[in-house]
Amino acid sequence: MSECTLSAVDMDNWDITQTRRPKGLGVRHFQAFMAFTCLVLAYSMRVNLSVGIVAMTDNSSNPAFTELPWDSSTKGIILSSFFWGYLILQVPAGEMARKFGPKYLIFVAMLVCSVFTILSPVIAQNFRWTVFCITRVIQGLTQGFFYPSINAFSAKWVPPSERSRIFSFVFVGAQFGTVLTMPIAGYLAASPWGWPSIFYCTGLCGVLWSVAWLFVGANSPDSHPSISDRERQYINSALVNTSAQNNKLVTPWKSVLTSVPLWALLLTHLGQNWGYWMLLTELPNYFSHVLNFNIKSNGLVTAFPYLIMCVLTVVFSWIADYINAKRLLSLNVSRKMWNSIAHYGGAAALLALPLVTSVSGAVILLTTAIALNAGIFTGYLTNHLDLAPNFAGLLMGITNGFSNITSILAPIVTGFIVSDETSREEWLVAFYISAGVFFIGNTIFILLGSTDVQPWNKPSEKDNNVDRHTQAV
């Protein structure tokens with residue numbers, strides 16, 4: 001396949017389905033909204049501790065609540081413990097989502113995660129910090145199902161002509177959940193309900209969502225009870241590289257594990273997770289101890305970069321779909337351009353931090369470093385669907401699972417580097433490391449990444465024989 005957006009045959013099919021697109025919002029958009037809110041709540045339960053841990057270890061803003069004796073290195077371990085569980089089930093989750101469908105996997109994962117979020121304050125106040133870490137590990141285990149399952153879900157619901165917009169909308173739920181949670185967590189921590197209410201509120205919302213999803217979620221257009229025939233035909237006819245029977249395909253493990261584009265994608269994902277999660281988990285501490293923001297202001301200022309990132313994600317995705325539809329750039333060039341904006345732009349902003357001495361200058365640069373990450377949604381993160389739609393959940397499980405090694409290491413390494421949380425110089429070292437990781441990861445993606453549908457995405461002769469036998473029976 002050439003570097004055009006799709007092959008000639010696929011593009012002809014795409015153009016035909018474009019004319020059949022139902023007007024207005026459809027069932028696919030509502031399903032995307034539910035997936036979006038899933039990630040909003042998943043991230044609210046993931047990042048609530050980033051703000052909460054400031055109040056949990058310093059009750060000066062609300063003395064009525066317990067102050068926990070966790071030092072800097074302990075906090076780094078606690079903040080990273082979520083990812084110990086998060087990486088374990090990613091690959092099995094991708095396979096399970098393909099074979100059994102993502103609906104019930106997402107339901108169980110959300111329900112269990114929500115219950116343990118609600119229990120977090122009780123565990124933190126009555127047990128050792130190591131037990132609290134176990135709670136976060138369990139939450140990580142459950143959330144390991146979300147990205148692979150939603151990627152498998154997107155492969156069945158999202159036509160290629162709408163891929164950048166819908167995919168970006170769904171996955172920007174992660175940033176929106178961060179934006180929503182950071183300021184609310186700050187206010188709740190300073191409120192009469194104290195820091196425990198952060199966990200109670202986010203956990204309860206997760207329980208309510210899981211009940212709603214049980215009734216309205218669907219694995220694919222074919223399994224949805226009320227979708228119109230026109231919309232079902234539009235979606236299914238557009239998914240030219242996705243098999244309707246992909247749950248019966250044999251996983252080509254050797255081809256997957258020796259795929260150079262997949263390795264490039266993994267290394268890019270490793271770089272992204274280091275920089276992104278170092279900033280997400282540690283910025284509240286930086287704003288509190290170096291820039292001297294109080295707990296309420298801390299939540300608002302920490303959330304602001306993610307709000308800008310949400311806006312840019314919408315803007316970038318619409319521009320990307322326009323570029324792809326008009327064939328102004330090949331899909332390969334487009335993916336790498338957006339990813340470079342995210343990673344090279346973020347690295348440049350972090351490297352510029354020593355050049356500013358004002359609080360406002362530091363906030364602007366850190367906001368820029370995070371906000372430009374919006375480019376990853378039209379960059380490497382959509383690339384799993386480009387390479388192998390039939391195994392999109394598995395590919396996301398592989399890269400998102402193993403890349404969380406750096407999600408674990410980043411807070412721990414930062415905790416050891418920044419032994420004095422008031423030291424600007426120590427924080428700059430941590431930011432330099434993140435900038436370097438961003439740069440290396442994106443350079444690998446530019447040199448070795450690809451958007452060609454991989455040969456192993458197609459059913460093998462063995463799969464075809466099984467399918468023919470199934471039809472005959």
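**A nonpolar patch, a helix pair and a buried lysine**

Helix α10 supplies the largest share of the nonpolar patch, 4 residues. Helices here are DSSP runs of H or I with at least four residues, numbered from the N terminus. This is a predicted model: local features need pLDDT of at least 70, side-chain atom pairs count only at pLDDT 80 or more, and totals for chains, interfaces and linings use all residues. Residues are numbered from 1 along each chain as its sequence is written, and side-chain values use heavy atoms, without hydrogens and water.

The patch covers about 750 Å² of surface. Its members are Phe30, Phe33, Tyr104, Phe169, Val211, Leu214, Phe215 and Val216. Two elements, α2 (27-57) and α10 (196-216), each give two or more residues to it. Nonpolar side chains (Val, Leu, Ile, Met, Phe, Trp, Tyr) are joined within 5 Å, like charges within 9 Å. Areas come from the Shrake-Rupley method with a 1.4 Å probe, and for residues only the protein chains shown count as cover.

Phenylalanine 215 sits in α10. Its relative accessibility is 69%, so phenylalanine 215 counts as exposed. The cut-offs are over 50% for exposed, under 20% for buried, and partly exposed in between.

Lysine 103 belongs to helix α5 (residues 103-126). Lysine 103 counts as buried because its relative accessibility is 11%. Phenylalanine 153 is 50 residues away from lysine 103 in sequence, yet 8.3 Å away in space, C-alpha to C-alpha.

Now the helix pair. The axes of α7 (residues 146-157) and α8 (residues 163-171) come within 11 Å and cross at roughly 155°. Axes are lines fitted to C-alpha atoms over the stretch in contact, and angles run from 0 to 180 degrees between N-to-C directions. The two helices, α7 and α8, are therefore roughly antiparallel, a term for angles over 145 degrees.

Conventions
Patch = residues over 30% accessible without salt bridge, like charges linked within 9 Å, V, L, I, M, F, W, Y side chains within 5 Å. Salt bridge = Lys/Arg side-chain N within 4 Å of Asp/Glu carboxyl O. Buried < 20%, exposed > 50% of the residue type's maximum accessible area, 1.4 Å probe, protein only. Parallel < 35°, antiparallel > 145°, perpendicular 65-115°, else oblique.
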